[in-house]
Structures are given as structure tokens and as C-alpha cells.
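Visitor: Could you take me through this structure? I would like to ask questions as we go.

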2 protein chains.
Amino acid sequence: MNAPIENTDIHTLIQTYRKAVMAKDIDVLMGLYADNIVSFDAVKALQFKGKAAYRAHWQECMTHCPGPHTFDFHQLNVVSAPDMAFAHWLAHCAGTDDEGQAKGCWMRVTAGYQRVGGHWRIVHEHWSAPFDMMSGAALFELQP
Amino acid sequence: MNAPIENTDIHTLIQTYRKAVMAKDIDVLMGLYADNIVSFDAVKALQFKGKAAYRAHWQECMTHCPGPHTFDFHQLNVVSAPDMAFAHWLAHCAGTDDEGQAKGCWMRVTAGYQRVGGHWRIVHEHWSAPFDMMSGAALFELQP
């Protein structure tokens, strides 16, 4: 097995991404994506293609989660070449709903990156929760 | 944007993977994975780490889907460097249940690859269906 190349640029990009989502800074967030982003997001649709469609989806998601929240990344693994990389990690998302109830779950994340005009951009991302084979319900109670 | 490098090896690996799943040939299938595979499968658990754990899971999945089935891959996109690659696609899975009822759904797939000892291996995969934000139910009726 080739040892994964440590790529500080990708780690920095992932931290910028995490902070932009927490700050609901959609302009910083969208600046991280390639124009031809293909996203398999956790909710709503099979895929979102292109920045305009994905921006509208992110905007809606940010509107649906109004409170302060935690958004912690664990077990990050980055595999990198000079002009492309991929990464996967587990994300712990938590916050309070409209009635002040604490809600949280673990999600799985995979992302693909390419260097575009000297800048690393997210060209693909995949967020999900696993589901139960019998009931078809997403499994929000799982712990890593 | 750098143009994705066409990598015939990865396309061949993905076809071998598809055929091994359809043939329920677990030995061929498991031969495609790196020993340190980290899989975010669509069902049951947040992740499966290592070949032994993932083999047991695949064996269980194959047992739960006894009938003939379709397993078609669409919108495949591969991004590749000399020793690493990632790919994403939509998979249409269909078959008949115990009562002979046709069942089918679209899933999203992302995979990461590394060249290990001269051979390409799957080091990461992520299968999922999106879920409905309100009900938490997996969305099996979506069409691409």
C-alpha cells in the first residue's frame, strides 16, 4: 500500500469548509466548489449538479437549521496526488430544534478534489446516513 | 479544470465489481478491496473497517437478496492519477422479493482507489440513498 501523502492544502480546505458551514457563510462555502460539482447530499435528491443548483440547496438547508450547532469531523482520512485527492470522515452534527430539544447524529462524508487553476476545489461530495434494511428508516442513533 | 484522465484500469475494475456482485462471487469481489478498506455502506452501520468485517457484511447482503437482479451503473465519472483515483456513479438495483414482487431503487456510489503492489484496489466506498428531512425515511422512489 502506498502511504497516503499528507496534503495540508486539503486539510485546510476541509477546515475552511467546516467553519463556513457553521458560520452559514454561503459565499465562502460555495467558493470551495468547482463549477461542475456533482453532489450526492444526504437529503432530498439523488444528486445536485452544478454550483447554482447546489447553492440553492445549501441555502435551503441553512434556513432549516437556524440554531447554533456543532459540526465536528472525526476519523478524517485524506489520499492525495499532486492535482487530485479524496477524503472521507465521520461528521457529528448536533443542535437544538424549534422547541429547544437537543438533536444530533453521525453522518458519513466522502469528498473528491481537483486542483483547478492552481486552487483546490471540491468536485464531488457524498453525505449520508445509513438506513435500516427492513424499515427503510435512516439510522440516526448509530455511534462510531 | 484539469480534464479527467481516462483510466481504463478503473473502468475494468468497476465492471469486474459489478459482475462479481451480480454473480454473488464473493471471492472475486473481496479480491478487489484493499486490506484496509473503509466502507460507508448504505445499510446497517456507519462504517465497516477492514476486509474481514466487510466480507461478513457482503455475505449477509448476498444472502438477503436471493433472486436474480439488475445492477446497472449510470453517469459514471472517474478522476484518476497514476496511483490513485476516485469515481462516482448512480446504481439502479432491482429484483423480485420472496413474493415475486418487483422492487427497485436508485443508489448513489462513490469509490476511492489506490494502486497497491501494482494492482488497483478499492480503499474506500460509499453507498447511500438520500432520506427525507421530515420523516427520516430513505427515498427509494427518486429518479435521476
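Visitor: What share of the residues of chain A count as buried?
Guide: In this predicted model, 33% of the 144 residues of chain A count as buried. A residue is buried if 20 or more other C-beta atoms, placed from the backbone, lie within 10 Å of its own, exposed if 12 or fewer, and partly exposed in between.

Visitor: How are the model and its numbering to be read?
Guide: Local features need pLDDT of at least 70 and side-chain atom pairs count only at pLDDT 80 or more, while totals for chains, interfaces and linings use all residues of the predicted model. Residues are numbered from 1 along each chain as its sequence is written, and chains are lettered from A and ligands numbered from 1 in the order in which they are written.

Visitor: How many helices and strands does chain A have?
Guide: Chain A has three helices and six strands, in the sequence pattern α-α-β-β-α-β-β-β-β. Helices (H or I, at least four residues) and strands (E, at least two) are DSSP runs, numbered from the N terminus.

Visitor: And in chain B, what is the order of the strands in the sheet?
Guide: The open sheet of six strands in chain B has the order β2-β1-β6-β5-β4-β3, with mixed pairing; two strands pair if DSSP finds at least two bridges between them. Its edge strands are β2 (48–49) and β3 (69–80) of chain B, each of which pairs on one side only.

Visitor: Which way do β1 and β6 of chain B run?
Guide: They run parallel, joined by four bridges. Val38(B) stands opposite His124(B) in β6(B).

Visitor: Changing topic, how many residues does each chain give to the contact?
Guide: Chain A and chain B give 43 residues each, where two residues are in contact if their C-beta atoms, placed from the backbone, lie within 7 Å. On the side of chain A that touches chain B, β5(A) gives the most, with seven residues. By class, that side has 25 nonpolar, 13 polar and five charged residues. Ala, Val, Leu, Ile, Met, Phe, Trp, Tyr, Cys and Pro count as nonpolar, Asp, Glu, Lys and Arg as charged, and the others, Gly among them, as polar.

Visitor: What rotation superposes chain A on chain B?
Guide: A rotation of 180 degrees with 0.0 Å of shift along its axis does so, with an RMSD of 0.0 Å. The two copies are therefore related as by a two-fold rotation axis. The superposition is by least squares on the C-alpha atoms of residues with pLDDT of at least 70 in both copies.
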